[in-house]
Structure formats: C-alpha cells, structure tokens
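Hello,

Here is the structure I promised to hand over. Please open it first, then read my notes below.

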Amino acid sequence: MEQLIDLDQAAAQLEARRQQWTAVGLVAGPLTWRDGAAAWPQRLEQSRSRVEAPDSIGIHITGPQGSELSVVLFRGGWADVDFLACLGGDEEVVSEAPGVGSPHGFGDLLDGYVSRAFGSSAAARSR
C-alpha cells in the first residue's frame with residue numbers, strides 16, 4: 001500500500017487531543033499500531049518502537065451514556081470510523097470510511113467525529 005499519510009504525524013494529532021478528551025470526561029484507550037511488514041496475522045502493538053513499517057494507527061474512545069468511537073487511520077489515506085452515539089435518549093450507529101489527505105486533516109476528522117459521537121459541547125471543550 002502506498003504511503004500517503006505520515007502515521008507518526010497523525011499520531012501526534014491524536015495524542016495532542018488526549019488530555020483535552022480526558023478533561024471533558026472521555027476515556028481514550030491506548031494508541032495501537034499495525035506493522036505492514038509483519039507476518040500475517042498482524043498484531044496490534046501499543047509501542048511504536050515495535051513497528052517497523054506502520055500501515056495503520058487506531059484508537060477507541062468511550063464517553064458518557066455508553067457512547068463509543070473507534071477510529072483507524074491507514075497510511076493509504078482513509079480511515080475506518082465506527083461509533084455508537086447515545087445522546088439525549090437517542091442512539092445513532094455509524095460506520096464510515098472517509099478519505100484523509102494529511103495529518104492535519106486527520107486532526108480535523110477526529111474533532112468532527114468526537115462532536116458527532118459525544119456531543120458538540122464535548123468537542124468544543126476539547127479543542
């Protein structure tokens with residue numbers, strides 16, 4: 001797979017938001033890396049140093065009322081995004097695969113999905 005996105009820079013976008021997410025009551029799990037050079041089945045690693053040729057990074061975030069968000073970014077320029085939003089008594093289940101053009105664009109994508117999954121007030125406070 002061609003590398004269109006620098007996953008180390010994208011990981012920095014994610015990590016820059018972690019403290020803010022915690023401050024608004026979200027729980028962000030560990031960042032996971034998948035090594036494109038590893039033998040199948042490829043394991044998810046929590047340490048970047050254990051990954052020779054990263055081909056994806058991922059995170060799982062949970063919030064109030066059972067809301068959850070999972071985002072996996074692939075070096076080829078797309079993300080797999082799944083979330084369950086439980087806001088105001090309504091539930092929304094979403095599974096999307098948006099294109100991502102840059103690490104900064106990945107940060108914007110994260111902000112948008114945090115807003116959708118956990119409410120606009122959580123996203124506004126986390127910026």
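Helix α1 has a kink of about 30°, centred on R17. This is a predicted model, so please read the rest with that in mind. The helix covers residues 7-23. From first C-alpha to last, α1 reaches 25 Å, close to the expected 24 Å.

Look at the two ends next. At the start of α1, a side-chain oxygen of D6 comes to within 2.9 Å of the backbone nitrogen of D8. After α1 comes G25, with a positive phi near 90°.

The buried residues of α1 include L14, R17, R18 and W21. Two of these arginines form salt bridges:

- R18 pairs with E15, with the closest N and O atoms 2.8 Å apart. Both lie in α1, 3 residues apart, about one turn of the helix. E15 is partly exposed, at 36% relative accessibility.
- R17 pairs with D111, also at 2.8 Å, N to O. D111 lies in helix α2, so this pair ties together parts that are 94 residues apart in sequence. Both R17 and D111 are buried.

The structure holds 7 salt bridges. Another one joins R116 and E96, at 3.2 Å. R116 is in α2 and E96 in strand β7, so parts 20 residues apart in sequence are tied together. R116 is partly exposed at 34%, and E96 at 31%. R43, E45 and R50 are linked in a network of salt bridges.

Finally, see L69 in strand β5. L69 is buried, with a relative accessible area of 1%. Among the residues L69 touches are I59, I61, V81, F83 and F118.

Best wishes

How values were computed
Residues are numbered from 1 along each chain as its sequence is written. This is a predicted model: local features need pLDDT of at least 70, side-chain atom pairs count only at pLDDT 80 or more; totals for chains, interfaces and linings use all residues. Side-chain values use heavy atoms; hydrogens and water are left out. Helices (H or I, at least four residues) and strands (E, at least two) are DSSP runs, numbered from the N terminus. The expected span of a helix is 1.5 Å times one less than its number of residues. The bend at a residue is the angle between axes fitted to the seven residues ending there and the seven starting there. Buried means under 20% relative accessible area, exposed over 50%, partly exposed in between (1.4 Å probe, protein chains only). A polar contact is a pair of N or O atoms within 3.5 Å; within protein, one must be able to donate a hydrogen and the other to accept it, and residues adjacent in sequence count only if both atoms are side-chain atoms. Contact means heavy atoms within 4.5 Å. A salt bridge is a side-chain nitrogen of Lys or Arg within 4 Å of a carboxyl oxygen of Asp or Glu. Lists of a residue's contacts leave out its neighbours within four places in sequence.
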